[in-house]
There are 2 protein chains.
Amino acid sequence: MKEWKNLYPKDFRREVREGKWTAPTAGVAPGYAQANLVILPKSVAMDFMIFAQRNPKACPVIDVLEAGVIEAPSAKDSDIRRDVPKYRIYEKGKGYRETASIEEVWEEDFVSFLLGCSFTFESELIKQGIPMKHIDLGKNVSMYKTSIPCKSAGSLTGEMVVSMRPIKSSQIAKAVEISGRYPQVHGSPIHIGNPQAIGINNMEVPDYGDGVPIEGDEIPVFWPCGVTPQSVLMNSGVDFFITHAPGHMFVTDIKNEDLGR
Amino acid sequence: MKEWKNLYPKDFRREVREGKWTAPTAGVAPGYAQANLVILPKSVAMDFMIFAQRNPKACPVIDVLEAGVIEAPSAKDSDIRRDVPKYRIYEKGKGYRETASIEEVWEEDFVSFLLGCSFTFESELIKQGIPMKHIDLGKNVSMYKTSIPCKSAGSLTGEMVVSMRPIKSSQIAKAVEISGRYPQVHGSPIHIGNPQAIGINNMEVPDYGDGVPIEGDEIPVFWPCGVTPQSVLMNSGVDFFITHAPGHMFVTDIKNEDLGR
C-alpha cells in the first residue's frame with residue numbers, strides 16, 4: 001500500500017475506482033488538495049450553494065459539478081460516483097448507510113459540490129514546525145457540534161461543526177497566520193480556548209472523529225469544519241443527500257499551494 | 001444633491017426608492033460597498049451561481065437573495081426591486097429597456113445576485129495616492145469586450161469584459177498590490193499593457209463607458225469587470241434577465257474595509 005500514497009491524483013482515483021483502495025485518504029497524493037463532497041438533488045442544490053456563499057469558512061466551495069455531470073472540472077477523467085473510497089447516503093428518518101459506489105442511486109439531477117478540506121492547511125502547519133497531534137497519535141481529528149449559528153439559506157439552517165487541534169501557546173499566533181492564508185480550506189480558526197463558550201461541554205467525547213488529549217501547555221484551537229454541511233442538511237430535514245465518509249476524501253488535481261495566497 | 005452623498009446607505013436607498021435620486025451612484029454613501037446586480041429566473045440561477053464560482057475575478061458574489069426575496073441580507077430594510085436608480089430589463093431578441101423600478105415585472109422565482117464593484121478598490125487606490133483618471137475627468141471608466149474566455153457553466157458561456165485604468169509605470173506594482181487585497185471586488189488586474197493580446201483593437205472606442213486618453217508615461221491596466229455577466233447572459237441566449245444600468249449601483253451596508261484583507 002505504501003507506494004500508492006505517492007501516486008498522482010489521477011492514478012490514485014483509478015485505484016479507488018477499481019476497488020483497490022478503501023481506506024481513509026490522509027497522506028495520499030501528497031501536495032494535492034483533497035475535498036469534502038456533498039451531492040444533492042437539484043431541488044435543494046441552490047439553497048445549499050447560497051448557504052455555502054453565506055458560510056464560506058465552514059463551506060468553502062472549490063468546485064461544482066452541474067446536474068448530472070460526473071467528471072469534476074478540478075479532476076481530469078474523474079467519476080464522482082466511484083472515486084471516493086467510502087460514501088454516506090442519507091435518507092430522512094433512516095440515518096445513513098455507507099457504500100463504495102453511488103452508481104446505483106445516481107440521478108441525472110444530482111449536483112455535486114467539492115469543499116476545501118483542512119488537510120491542505122495541516123500539511124502547511126506541519127511543514128512550518130507546528131505538530132498535528134492527532135496525526136502523530138494516528139487518530140482522526142476531533143470534531144464537535146457547537147452552538148455557533150450558521151447563516152440560514154432557504155430551507156437550510158443549523159449550527160457549525162468545528163475541528164479541534166491542541167496547539168502550544170507559543171505557536172498559536174503562527175497557526176492562525178498560516179491557516180489564514182488558506183481561506184478556501186476553512187482559513188483561520190473560529191475560536192481559541194474556552195470550549196464552553198461555543199457549547200462544547202465534554203472535550204473528551206467528540207461528536208465525530210477521535211478524542212485527542214490536551215496537555216498543560218496547549219490550548220484547544222477550533223477551526224470551521226467540512227462536516228458542517230452533513231450536520232446542517234440532517235438538521236434541516238433534507239430528504240436525501242450523499243457525502244463522503246469522514247476521512248475518505250475526493251482527491252483533486254488542484255495543488256495545495258494554489259489554494260493559498 | 002450634494003449633501004445626499006453623505007447619507008448612510010439605508011437613507012440613500014430610501015431616497016432612490018422614493019424617486020429622488022436617479023443619477024449614477026459614484027461617490028454616494030462614502031465608505032460603503034456598492035454592488036453590481038444580476039436578477040435571474042430560478043431556472044437559470046443555478047447555472048449562473050456555478051458560473052460565478054468558476055469565474056470569481058469577474059463575478060465575485062458578495063450576497064444572494066433567495067427566490068422571491070426582496071430584502072438583501074447585506075442591506076437592512078432594502079427592496080431589490082426599487083433601490084437601484086436605474087435597471088436594465090433584457091429580453092432575448094429585443095435587447096434591453098431601462099426603468100427605475102422592476103416591481104411590475106417581478107416574479108416569485110427571481111433570484112438576485114450582488115457582485116462586488118470596483119468602486120471599492122478605486123477608493124483605496126485614490127486614498128493611497130494613485131489617481132483614477134476617469135474620475136478626475138468626470139467620465140465613466142472605459143470597459144472593453146475581450147477574447148479572454150470565461151469558464152463555462154451549464155448553458156452559460158462567453159468572454160470576459162474588462163475595465164481599463166491608465167496608470168503611471170511607477171505606480172503599477174502598487175496598484176496591483178492594493179487591488180489584490182480586495183478579491184471580492186475583482187482583485188488584482190487580469191492584464192497589463194498590450195491590449196491587442198486580449199482582443200482589444202481600438203482603445204479609443206470602448207464597448208461600454210467613456211474613452212479615457214493614455215499618456216506617454218502610462219500603461220493601460222485591465223481589471224475583470226462586473227459587466228461580464230450582462231455580456232455572457234446575452235451571449236448565451238438567456239431569455240430574460242435584469243441588471244443595474246452601468247454606474248447605477250445597489251448601495252449595501254457593507255463597509256469597504258470589510259471586503260479587504
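## Fold of chain A

Helices (H or I, at least four residues) and strands (E, at least two) are DSSP runs, numbered from the N terminus. On that basis, chain A contains six helices and 11 strands. The model is predicted: local features need pLDDT of at least 70, side-chain atom pairs count only at pLDDT 80 or more, and totals for chains, interfaces and linings use all residues. Residues are numbered from 1 along each chain as its sequence is written, with chains lettered from A and ligands numbered from 1 in the order in which they are written.

The C-alpha trace of chain A spans about 50 × 45 × 30 Å along its principal axes. Of the 261 residues in chain A, 44% are buried (20 or more other C-beta atoms within 10 Å of a residue's own, with C-beta atoms placed from the backbone).

## Relation of the chains

## Helix α2 of chain B

Helix α2 of chain B covers residues 42–54. Of its 13 residues, 10 are buried, among them B:Met46, B:Phe48 and B:Phe51. The cover over the buried residues of α2(B) includes α2 (42–54) and β2 (61–65) of chain A, together with β1 (32–41), β2 (61–65) and β5 (110–116) of chain B.

Notes. A residue is buried if 20 or more other C-beta atoms lie within 10 Å of its own, exposed if 12 or fewer, and partly exposed in between; C-beta atoms are placed from the backbone. The expected span of a helix is 1.5 Å times one less than its number of residues. Two residues are in contact if their C-beta atoms, placed from the backbone, lie within 7 Å.
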